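Reader: I would like to learn how to read a few features of a model, one at a time. Please give the general idea, then the case at hand.

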Amino acid sequence: MQANRQLWFVNFEGVAYPQHDEKIRGMNARGQQAARTALAQAFARLGPDADPDRVRIVGSHYYSLLVGVALQWLTDPDNAPTAAEIVAADQGARV
């Protein structure tokens with residue numbers, strides 16, 4: 001995120017556009033769906049034969065982490081969680 005800060009800022013700036021344009025909203029929704037699927041495959045090893053609802057739920061979890069952490073790193077990097085803290089919290093461990 002630090003190496004591509006401007007790209008991340010542009011992504012967040014683009015969040016407002018879908019509310020005004022159905023076509024952009026559809027493109028955004030398809031992009032999020034693709035991201036959820038890719039994240040479920042990468043982090044939970046859910047392949048093409050996995051239950052689509054499970055892929056959506058697990059992918060949504062990782063997508064939420066990605067976007068939430070990115071926002072924290074952009075707006076308050078001194079207090080944003082580290083990778084180790086995120087893993088520990090995700091595993092239910094005491095941080």
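Reader: In which helix do Arg 25 and Glu 22 lie, and how many residues apart are they?

Author: A word on the source: this is a predicted model. Both residues belong to helix H2, which covers residues 22-44. Arg 25 and Glu 22 are three residues apart there, about one turn of the helix.

Reader: What do Arg 25 and Glu 22 form, and how far apart are the closest N and O atoms?

Author: In general, side chains of opposite charge can pair when their charged atoms come close. Here Arg 25 and Glu 22 form a salt bridge, with 2.6 Å between the closest N and O atoms. The cut-off for this pairing is 4 Å. By that rule the count comes to one salt bridge.

Reader: Does Glu 22 count as buried or exposed?

Author: Exposed means over 50% relative accessible area, and buried means under 20%. Glu 22 has 56% relative accessibility, so it counts as exposed. Arg 25 has 34%, so that residue counts as partly exposed.

Reader: Where is Pro 81, and is it buried or exposed?

Author: Pro 81 sits in the loop between helix H3 (52-75) and helix H4 (83-90). Its relative accessible area is 18%, and therefore Pro 81 is buried.

Reader: Which residues is Pro 81 in contact with, leaving aside its neighbours within four places in sequence?

Author: Those contacts are Val 69, Gln 72, Trp 73 and Ile 86. For Val 69, the separation from Pro 81 is twelve residues in sequence and 7.3 Å in space, C-alpha to C-alpha.

Reader: How far apart are Asn 4 and Ala 34 in sequence and in space?

Author: They are 30 residues apart in sequence and 21 Å apart in space, C-alpha to C-alpha. Asn 4 is in the segment before helix H1 (5-13). With 42% relative accessibility, Asn 4 counts as partly exposed.

Reader: What does the secondary structure of the chain come to?

Author: The chain has four helices and zero strands, in the order α-α-α-α from the N terminus on. Its C-alpha trace spans about 45 × 35 × 20 Å along the principal axes.

Reader: How many of the residues of the chain count as buried, in percent?

Author: Of the 95 residues, 17% count as buried. The accessible surface of the chain is about 7100 Å², and 55% of that belongs to carbon and sulfur atoms. As for charges, the mean positions of the 9 positive and 10 negative ones are 4 Å apart.

How values were computed:
Residues are numbered from 1 along each chain as its sequence is written. This is a predicted model: local features need pLDDT of at least 70, side-chain atom pairs count only at pLDDT 80 or more; totals for chains, interfaces and linings use all residues. Side-chain values use heavy atoms; hydrogens and water are left out. A salt bridge is a side-chain nitrogen of Lys or Arg within 4 Å of a carboxyl oxygen of Asp or Glu. Helices (H or I, at least four residues) and strands (E, at least two) are DSSP runs, numbered from the N terminus. Buried means under 20% relative accessible area, exposed over 50%, partly exposed in between (1.4 Å probe, protein chains only). Accessible areas come from the Shrake-Rupley method with a 1.4 Å probe; for residues, only the protein chains shown count as cover. Lys and Arg count as positive and Asp and Glu as negative; His and the chain ends are not counted. The place of a charge is taken as NZ of Lys, CZ of Arg, CG of Asp or CD of Glu. Contact means heavy atoms within 4.5 Å.
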